[in-house]
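Reader: I'd like a close look at one part of this model and what surrounds it. Could you walk me through it in one go?

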Amino acid sequence: MPWRVAPADRKAGVLPDPYAVWMSEVMLQQTTVAAVRDYHRKFMAIWPTVRDLAAADDADVMAAWAGLGYYARARNLLKCARAVVADHDGVFPDTYDALLELPGIGPYTAAAVAAIAFDRPETVVDGNVERVMARLYDIHAPLPGSKAELTARAAELTPQTRPGDYAQAVMDLGATICTPRNPACGVCPWRDDCAARIAGTAAALPKKTPKKKTPTRFGIVYVARREDGAWLLETRPERGLLGGMLGWPGSDWSDDPAPEPPFEAEWTALGEEARHTFTHFHLRLKIMTAKVALGTKPACGEFLSQGKFNPTALPTVMRKVFDLAHMTLRDD
Ligand code: SF4
């Protein structure tokens, strides 16, 4: 992982760059290492220091984040970088409490950055660590109710020596050996002490309270192209889902959305919907398309010329809409 320090360097006392660690932890919230790796490299190449990121244009950062999802994280990334520069002279604070004061940093991220970047004995508990603790102590109470107990167990084990390495080691153990379906107990360093392995219950843990069925919401988006090739796009409001990201104008997302075209035109419905799943709901977007004249004045958003519009700057759901709609609106 690009944000890690090699074991030999670590042994020689080299600590990781807190900026790189913090960025990795923000990106990894709700996202896999495989998905984050390239984004982390890209961000570090474009904005190698927290000062560079703090000085970046919001739109450039949101565009670089496009596709990684959970866009509130990108907005918080910027807010946090600016707070580090404004309030801490560009140097990340090195304690849990001070990190927790920064925008967008919750208890998990504060503990992870304090432990990994500053070798503080903080308890870092992600899904992998919860699984390892549930098995090590054969805890059958279901998540999320058992979180406090699992965290308390993890805290008991957190050492004063090399806590940063320890935090990463337990997370890695969960990611690579103590995996959800087939834990490789034979090669696990904790196999002799593991209560679930001894009881034969490891693969069934941790137990989880069944989730409610995910609801489906509906929406209507309007994809308009002007005769000079420009596309009508809007920046979504800061607050709310996909806040601050570029998108197609449209209705709210609900059980029964009302049509809200940005102007009168001959709107044609595409035969196919765009479908996307967010954390708490499935979304089905009806796509309306129109080709419009040069003088068209939209009620919202603005026309972006062909040269300025970059589809990769769209969040995934809006990109799906573009992929479905652009053939209908291609240059004749
Ligand atoms: S012995 Fe098996 S179940 Fe227990 S911690 Fe190791 S991999 Fe997980």
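Author: Glu130 sits in helix 9 (residues 127-136); helices here are DSSP runs of H or I with at least four residues, numbered from the N terminus. Keep in mind that this is a predicted model, where local features need pLDDT of at least 70, side-chain atom pairs count only at pLDDT 80 or more, and totals for chains, interfaces and linings use all residues. Residues are numbered from 1 along each chain as its sequence is written, and side-chain values use heavy atoms, with hydrogens and water left out.

Back to Glu130: its relative accessible area is 8%, so it counts as buried (under 20%, with exposed being over 50% and partly exposed in between, using a 1.4 Å probe and protein chains only). Leaving out residues up to four places away in sequence, Glu130 touches Val125, Leu143, Lys147 and Leu150, where contact means heavy atoms within 4.5 Å.

Now for the nonpolar cores, meaning sets of buried Ala, Val, Leu, Ile, Met, Phe, Trp, Tyr and Cys residues joined through side-chain atoms within 4.5 Å. The largest one has 91 residues, and Trp22 and Trp248 have the most contacts inside it. Helix 8 (residues 107-118) gives this core its largest share, nine residues. There's also a second, separate core of 11 residues, including Leu232, Phe263, Trp267 and Ala290. Trp248 has quite a list of partners beyond four places in sequence, among them Leu232, Phe309 and Met318.

Notes
Helix = DSSP H or I, 4+ residues; strand = E, 2+ residues; numbered from the N terminus.
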